[in-house]
Amino acid sequence: MSVSEPEPMSRGTALAYAIGLPLALLALVFGPVGRLDWPPGWVFIAFVVVAFAASALILWRINPIIYRARSRFQPGTKHWDKILLWLMLPAMVAEIPLATLDAGRLFWSAVPFPIVVLGYALLGAGIALSTWAQAVNRFFEPGVRIQRERGQHVITSGPYAIVRHPGYVSALMIFAGLALALASWWALVPAAWASALLILRTHWEDALLHAELEGYADYARRTRFRLVPGIW
């Protein structure tokens, strides 16, 4: 069976990402605060930029095809998955500006410093786990589908030997970590909404893989838990 990989991202698109994402992060962090002289915002941006840059360098060396796979939603992405993602997207976008509005301007929350440290720990661990999952799984795409043209098969190494959906575990950690690192209890509200939809997505994707991906049912019998060992 021949394998067809996704088309690479165009130079224009790559440049737009390289310029647009940092500018968007600056706007999301400092726009609600209304000023640039807010040190927690710069600490947060520095942490995020360094963590994701390290992740990108690791993946470029270990699994560079991941950039093609994750550059866009590929044909065959399930319609229900697109609906779930559109429901998640507003919460994901709103979390950072809500947190900075709270912590940097309106001061609704009083988050103890150890909780902020916990937030950064969750954020860093989530990025690290996502990097690990993408490093061993060349089929790690943004949308849910069966990648027959790429010869998709079950991945059982790395974090996939522990839980069946480590990428979603990392996303849950990042959602919670963002709110706590920015010292906002209120930002946990959109984080909780996005997390609930992600858990539903996990359930539906797992059912699809059971039904359509050869070998997945056997893998699921060996690796019993979707997200949390001993629980679910």
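Okay, let's start with helix α2: its buried residues are G41, F44, I45, V48, A51, S55 and L59. Buried here means under 20% relative accessible area, while exposed means over 50% and partly exposed is anything in between, using a 1.4 Å probe and protein chains only. And a helix is a DSSP run of H or I with at least four residues, a strand being a run of E with at least two, numbered from the N terminus.

Before I go on, a word on what we're looking at. This is a predicted model, with local features needing pLDDT of at least 70 and side-chain atom pairs counting only at pLDDT 80 or more, while totals for chains, interfaces and linings use all residues. Residues are numbered from 1 along each chain as its sequence is written, and side-chain values use heavy atoms, with hydrogens and water left out.

Back to α2. What covers its buried residues? The list includes α1 (11-30), α3, α4, α5 and α6. Contact, by the way, means heavy atoms within 4.5 Å. As for length, α2 has 24 residues and runs 35 Å from first C-alpha to last, close to the expected 34 Å. That expected span is 1.5 Å times one less than the number of residues.

Now for α5, residues 113-136. Its 24 residues should span 34 Å at 1.5 Å a residue, and the end C-alpha atoms sit 35 Å apart, so the two agree. The buried set in α5 includes V116, Y120, L123, I127 and L129. Which helices do the buried residues of α5 pack against? They pack against α2 (39-62), α3 (66-69) and α6 (166-181).

Let's take the α2 and α5 pair. Their axes come within 10 Å and cross at roughly 15°. Axes are lines fitted to C-alpha atoms, for helices over the stretch in contact, and the angles run from 0 to 180 degrees between N-to-C directions. So α2 and α5 are roughly parallel to each other. The cut-offs are: under 35 degrees is roughly parallel, over 145 roughly antiparallel, 65 to 115 roughly perpendicular, and the rest oblique. The crossing of α2 past α5 is right-handed. Right-handed means the near helix is turned clockwise from the far one by less than a right angle, and left-handed means anticlockwise.

Who's touching whom? On the α2 side you have, among them, F44, V48, A51 and L59, and on the α5 side residues including Y120, L123, I127 and Q134. By class, this α2 and α5 contact has 14 nonpolar, 4 polar and no charged residues. For the classes, Ala, Val, Leu, Ile, Met, Phe, Trp, Tyr, Cys and Pro count as nonpolar, Asp, Glu, Lys and Arg as charged, and the others, Gly among them, as polar.

Next pair: α5 and α6. Here the axes come within 7 Å and cross at roughly 155°, so these two helices are roughly antiparallel. The crossing of α5 and α6 is left-handed. Their contact counts 18 nonpolar and 6 polar residues, with no charged ones.

Then there's α6 with α7. Those axes come within 9 Å and cross at roughly 175°, which makes α6 and α7 roughly antiparallel to each other. The contact is made by residues including Y168, L172 and F175 of α6, and A191, L198 and R201 of α7. By class, the α6 and α7 contact divides into 11 nonpolar, 2 polar and 2 charged residues.

A bit more on α7, residues 188-212: it has 25 residues and reaches 35 Å end to end by C-alpha, close to the 36 Å expected. Its buried residues include P190, L197, L198, R201, E205 and D206. They pack against α4, α6 and α8 (216-222).

Last, two loop residues. Most residues other than glycine have a negative phi. F107, in the loop between α4 and α5, has a positive phi near 55°. A183, in the loop between α6 and α7, also has a positive phi, about 60°, and is not a glycine. Buried or exposed? F107 is exposed, at 56% relative accessible area, whereas A183 is buried, at 19%.
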